[in-house]
Amino acid sequence: MRIVSGIHKGKKIIAPKKLPVRPTTDFAKEALFNILNNQYHFSALKVIDLFSGTGNITYEFGSRGAVEIIAVDAHFECVKFINKKSDELELPVRTVKSDVFKFLKATGETANIIFADPPYDFDVDALQQIVNTTFSRNLLEEGGSLIIEHSKRIDLSQTEHFQEVRKYGNSVFSFFS
């Protein structure tokens, strides 16, 4: 994977093979960030990256100037890798080793963007639980967005707060606000 833009543009990140992840493709990531670039000033963003895995999305937000990023993952080796890379890149990242559902129910943090990239085998009910908890607990700042990456076999368009869907190959981004 590589960082698409910002102060670390073009930097390749090589994650250990032992991590249980499926990083967002560079093609889909670039398309997503082109959308976000037209909606937000990255230098004012606070971001929560759920199911952060290798930190692919975390590093992209950091490279583009996000002021605070919280990367949440339940896997110790993923959190350890994100800590190491964030330190090397001098990015404002705080990691949290936690089950995402427990984190969402317990956190007092809010963000402009909450990005969730759960395993593609999650069903609609699990994805809707992320949406419901985010909005019932008011975890988004005014004008903020929840973005869920999921497989193309899932349709979240009937979920409350749904705004739009964007498809890039096998990656689908559903936006909620």
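Analyst: Serine 86 is buried, with a relative accessible area of 2% (buried is under 20%, exposed over 50%, and partly exposed in between, with a 1.4 Å probe and protein chains only). This is a predicted model, in which local features need pLDDT of at least 70 and side-chain atom pairs count only at pLDDT 80 or more, while totals for chains, interfaces and linings use all residues. Residues are numbered from 1 along each chain as its sequence is written, and side-chain values use heavy atoms, with hydrogens and water left out.

Serine 86 sits in helix H3 (helices are DSSP runs of H or I with at least four residues, strands are E runs of at least two, and both are numbered from the N terminus). When neighbours within four places in sequence are set aside, serine 86 touches Tyr59, Leu91 and Val93 (contact means heavy atoms within 4.5 Å).

Helix H3 covers residues 76–89 and also holds glutamate 88 and lysine 84, which are 4 residues apart, about one helical turn. The side chains of glutamate 88 and lysine 84 form a salt bridge, 3.6 Å from N to O (a side-chain nitrogen of Lys or Arg within 4 Å of a carboxyl oxygen of Asp or Glu). Whereas serine 86 is buried, glutamate 88 is partly exposed at 45% and lysine 84 is partly exposed at 49%.

Next comes the sheet. Its 7 strands form an open sheet with mixed pairing, in the order S3-S2-S1-S4-S5-S7-S6 (two strands pair if DSSP finds at least two bridges between them). Strand S3 (93–97) and strand S6 (162–168) are the edges, each pairing on one side only. On average, neighbouring strands are turned by 15° against each other, direction ignored (axes are lines fitted to C-alpha atoms, for helices over the stretch in contact, and angles run from 0 to 180 degrees between N-to-C directions). S6 runs antiparallel to strand S7 (residues 171–176), and 6 bridges join them. Arginine 166 has phenylalanine 173 in S7 as its bridge partner. Helix H3 packs on this sheet, where it touches strand S2 (68–73) and S3, and its direction makes about 170° with that of S3. Helix H5 (residues 124–136) packs on the sheet as well, touching strand S1 (46–50), strand S4 (111–116), strand S5 (140–151) and S7, at about 175° to the direction of S5.

Aspartate 26 forms one with arginine 2, with the closest N and O atoms 3.5 Å apart. Aspartate 26 belongs to helix H1 (residues 26–37) and arginine 2 to the segment before H1, so this pair ties together parts that are 24 residues apart in sequence. Aspartate 26 is partly exposed at 23%, and arginine 2 is partly exposed at 28%.

Glutamate 60 and lysine 29 form another salt bridge, at 3.4 Å from N to O. Glutamate 60 is in helix H2 (residues 56–63) and lysine 29 in helix H1, so the pair ties together parts that are 31 residues apart in sequence. Glutamate 60 is buried, at 0% relative accessibility, and lysine 29 is buried at 1%. A network of salt bridges links Arg2, Asp26, Lys29, Glu30, Glu60 and Arg64.
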